[in-house]
Amino acid sequence: STSSVKPSGVVEEDREKFELYRGFYTLLAALASNDLYGVLTTPLNLPSLNDILLCILNGCLYSDMLCVKQCFAALARLVEVWAGPSEAQRCPGFNTFVLERIAPAAFHVATQPTFNPSDATTFAALGEIVALERGIANQLGPAGVQYLVERTLPSAGLNAAQIQ
């Protein structure tokens, strides 16, 4: 008979890895919410910005709703300060990243069968997702909303009637 039980060292290693990621997501959320996001775009850190953003997106897909909430909160704040028509406020390529990666991730998470908005932490995460989508619409305007309606929502499996 085969056992699916992991050796205790592996379980402990997984727990430690999860705690490390959770701490990293907490740090990134704190940077964003305390207006310290500029540290991510310094000449030293700018080459790693895409990897950092992908890491935050990965945190949005965790099963731990506290991590999901923190990551969406961080992304919502970054959208608020970096996305939009003003070149002075925007990171190069960030608008595209928002539309092609961040917005679809938000819809993906919220449409998963395991996403239970009657759970308090999940409901709080949903609030951050709504804030993020509202921020995308506000910062990117009609062109951003058009992109969401024409590309993001259909790719999330919504038909025209559901989108309207």
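Hi everyone. Let me start with one term: a residue is called buried when its relative accessible area is under 20%. Please also keep in mind that we are looking at a predicted model.

You will find Asn-95 in helix 4.

Let's step back and look at the whole protein. The secondary structure consists of six helices and zero strands, so if you follow the chain along, the pattern reads α-α-α-α-α-α. The C-alpha trace spans about 60 × 45 × 25 Å along its principal axes. Of the 164 residues, 37% are buried.

How about charges? There are 10 positive and 15 negative ones, and their mean positions are 2 Å apart.

Now, which contacts link parts of the chain that are apart in sequence? Take the contacts with a separation of 6 or more: 66% of them involve residues 24 or more positions apart. What does Ala-106 touch, if we leave aside neighbours within four places in sequence? The answer is Phe-72, Ile-129, Leu-132 and Glu-133. Pick out Phe-72 from that list: in sequence, Phe-72 and Ala-106 are 34 residues apart, yet their C-alpha atoms are 8.0 Å apart in space.

Last stop: the cysteines. How many disulfides does the model have? The count is zero. Let's see why, starting with Cys-55. The closest cysteine sulfur to that of Cys-55 belongs to Cys-71, and at 7.4 Å it is too far away for a bond. Cys-60 is in no disulfide either, since its nearest cysteine sulfur, again that of Cys-71, is 5.0 Å away, while a disulfide needs the two sulfur atoms within 2.5 Å. Both residues bring us back to the term we began with. Cys-55 is buried because its relative accessible area is 17%, and Cys-60 is buried because its relative accessibility is 0%.

Note on methods. Residues numbered from 1 in each chain as written. Predicted model: local features only at pLDDT ≥ 70, side-chain atom pairs only at ≥ 80, totals over all residues. Heavy atoms only, no water. Contact = heavy atoms within 4.5 Å. Helix = DSSP H or I, 4+ residues; strand = E, 2+ residues; numbered from the N terminus. Buried < 20%, exposed > 50% of the residue type's maximum accessible area, 1.4 Å probe, protein only. Lys, Arg positive; Asp, Glu negative; His and termini not counted. Charge placed at Lys NZ, Arg CZ, Asp CG, Glu CD.
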